[in-house]
Amino acid sequence: MRYDDEAKAPDAHGGARRPDAMRVPDGTDATDGKRGNSRRAFLRTTSAGVTSAALAATAGVAATSAASAQQTVPATTPKQPSRARPAGLTKPVTPACSGQETPASVEGPLFKPASPERGDLVTPGTQGVRIDLTGVVYDTSCTPLPGTLIEFWQCDQNGDYDTSGFALRGHQYTNNRGAYLLRTIIPRDYWGRWGQRAPHIHTQVQAPGSPVLVTQLYFPDDTEAYGRDFAALNAADRLLNRACTIALTARPGAAYSGTFDFVLKTTA
């Protein structure tokens, strides 16, 4: 059975969304790092460690770019958004790691352990606006953290989560430079226990022998996908933390490249 993050509200035509569960075959990711104890520790329940104080955290997050591969985008994806810049202006330099810990957020009820180890969540049947998300995991002294476990899960282009299988779910380990690459789609907004949620990607991040960071990544106000008003959705989401916003760059074919760096506290 497939359903959203929380209880689903009827759509604009008064009907409930049709469940459409799909199971994605297991895959592998080329990133390196240790699996053993880090993976077992990661599967423990983490929601108890997320407090209301964590929801109020406002620490900054810096964004740096790692290598990003071009992907073929289905012909059915929306029209590419325009990102023209005025003549004479150059793109701002991406700031370096700030050393400020990435803010935590709620886990939500739909985390599933034992997801496939893979960095590419897109399968032949996956629809939606493509995004290649890259970044580096640092500690608070801005040292990269190789072998860090990162779990990703999200809803699809209709706002539905796969709870019977592992569609749009997976985990990977950062490489020897502390970098990761996630190939996925931009998720849709949906209604749940906290009201209407803006599009977001759930993450759990854990360096070897360190505490688990549970957080959610969001999209800029000018993101263009599925005809949705991301600015209005972001403004209405009371869980959204602007410090956890992905930096996006438009690519040919109505797709995006994104960057987000995590900064972890490595001591309890």
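Q154 lies in the loop between β2 and β3 (169-173); helices (H or I, at least four residues) and strands (E, at least two) are DSSP runs, numbered from the N terminus. The model is predicted, so local features need pLDDT of at least 70 and side-chain atom pairs count only at pLDDT 80 or more, while totals for chains, interfaces and linings use all residues. Residues are numbered from 1 along each chain as its sequence is written, and side-chain values use heavy atoms, with hydrogens and water left out.

**Exercise 1.** Determine whether Q154 is buried or exposed, and identify what its side chain reaches.

*Solution.* 
Step 1. Buried means under 20% relative accessible area, exposed over 50%, and partly exposed in between (1.4 Å probe, protein chains only). With a relative accessible area of 1%, Q154 is buried.
Step 2. The side chains of Q154 and T184 are joined by a polar contact of 2.8 Å. Such a contact is a pair of N or O atoms within 3.5 Å; within protein, one must be able to donate a hydrogen and the other to accept it, and residues adjacent in sequence count only if both atoms are side-chain atoms.
Step 3. The Q154 side chain also reaches the backbone oxygen of I185, at 2.9 Å.

**Exercise 2.** Find the disulfide and state which parts of the chain it ties together.

*Solution.* 
Step 1. A disulfide is a pair of cysteine sulfur atoms within 2.5 Å. Searching the whole structure gives one: C97 is joined to C142, with S to S 2.2 Å.
Step 2. C97 lies in the loop between α2 (52-55) and β1 (130-139), and C142 in the loop between β1 and β2 (149-153), so the pair ties together parts that are 45 residues apart in sequence.
Step 3. C97 is buried at 16% relative accessible area, whereas C142 is partly exposed at 26%.

**Exercise 3.** Describe the largest nonpolar core and name residues of another core.

*Solution.* 
Step 1. A nonpolar core is a set of buried Ala, Val, Leu, Ile, Met, Phe, Trp, Tyr and Cys residues joined through side-chain atoms within 4.5 Å. In soluble globular proteins, nonpolar side chains tend to be buried together.
Step 2. The largest core has 34 residues, of which I186, F260, F262 and L264 touch the most other members. Elements that give two or more residues to this core include β1, β2 and α3 (230-236).
Step 3. Apart from it lies another core, of six residues, among them F111, W153, C155 and Y161. C155 is buried, with a relative accessible area of 1%.
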